[in-house]
Amino acid sequence: MKKIVYLPLLTCCLFLLSNKMWAENNIFDNGQQFKYECSTGIGLVPISAILSWDGFYDSHTILSISDIYKNKYGKVKVSPLITAEFAVLLKSWLTMSANIGYSRTSRPMSKYVPEVRKFVWAGNDISTYLSLYLQTTFNYINTPYVVLYSSLGLGIGSYGKDVGPVFQVAPLGIKSGKRLFCFFEYGLGTLYIGFRGGIGYRF
């Protein structure tokens, strides 16, 4: 728990103490400054997996006789979080972006059929997690080929029939490449917990 608290604080300190010379460097290609970025990524532990944590086991709680005939649910399968981002490079140290995130859970369901007196497969219980959020990224080291950054995202998301706020912070991330780049970051929030990586293109 202490590491989770200290990591964002350390990142903020690095941002404040970084030399102004890094802010003067930006990403160039043949003398032309890039203005936009498009990227896509995958988060390894989406929040939909956390919300359905009890569903990783067969579930059929019996508290009364009538519960015997309630639907049975099997183990949950969770897709990774898939994200798409369009970013505007406002300053060498500041980027604003619009993001979309998607993941889903699938859980087999069995229904009791009185005619045959047994449970039969009745399809999959599927829930989708869809989010739309705005993100601010602070580049505290920005060179033509390597960018170190932190980001904060806020927006709205839906999981099944529930709608709620989205909050995501990435205390530490790295981008490598010039026009075509890859990125890797550590983050936590209502979108994913753990690591996210992907590729992007500047223009």
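Which residues of strand β6 (residues 81-89) lie on its covered face, and which on its uncovered one? The covered face holds Leu81, Thr83, Glu85, Ala87 and Leu89, while Ile82, Ala84, Phe86 and Val88 form the uncovered face. This is a predicted model, in which local features need pLDDT of at least 70, side-chain atom pairs count only at pLDDT 80 or more, and totals for chains, interfaces and linings use all residues. Residues are numbered from 1 along each chain as its sequence is written, and side-chain values use heavy atoms, with hydrogens and water left out.

**Overall architecture**
- The protein comprises 3 helices and 12 strands; these are DSSP runs numbered from the N terminus, with helices being H or I of at least four residues and strands being E of at least two.
- Of the 203 residues, 36% are buried (buried is under 20% relative accessible area, exposed over 50%, partly exposed in between, with a 1.4 Å probe and protein chains only).
- Among contacts (heavy atoms within 4.5 Å) between residues at least 6 apart in sequence, 57% join residues at least 24 apart.

**Strand pairing**
- Strand β3 (residues 36-43) pairs with β6 in the antiparallel sense over 8 bridges; pairing requires that DSSP find at least two bridges between two strands.
- Threonine 40 has alanine 84 of β6 as its bridge partner.

**Surroundings of glutamate 185**
- Glutamate 185 belongs to strand β11 (residues 180-189).
- Because its relative accessible area is 4%, glutamate 185 counts as buried.
- Its side chain makes polar contacts with the side chains of tyrosine 149 (2.7 Å) and tyrosine 192 (2.7 Å). A polar contact is a pair of N or O atoms within 3.5 Å; within protein, one must be able to donate a hydrogen and the other to accept it, and residues adjacent in sequence count only if both atoms are side-chain atoms.
- Beyond its neighbours within four places in sequence, the contacts of glutamate 185 include Ala170, Leu172, Gly173 and Arg196.

**Aromatic rings and charges**
- The structure contains 5 aromatic pairs (rings of Phe, Tyr and Trp, the last by its six-membered ring, with centres within 6.5 Å; planes under 30 degrees apart are stacked, over 60 edge-to-face, the rest tilted).
- Tyrosine 201 and phenylalanine 203 are stacked, because their ring centres are 6.4 Å apart and their planes lie at 20°.
- Tyrosine 201 is partly exposed at 40% relative accessible area, and phenylalanine 203 is partly exposed at 39%.
- Tyr36, Phe86, Tyr201 and Phe203 form one aromatic cluster.
- Lysine 175 lies over the face of tyrosine 149, 5.3 Å from the ring centre; the criterion is NZ of Lys or CZ of Arg within 6 Å of the ring centre and within 35 degrees of the ring normal.
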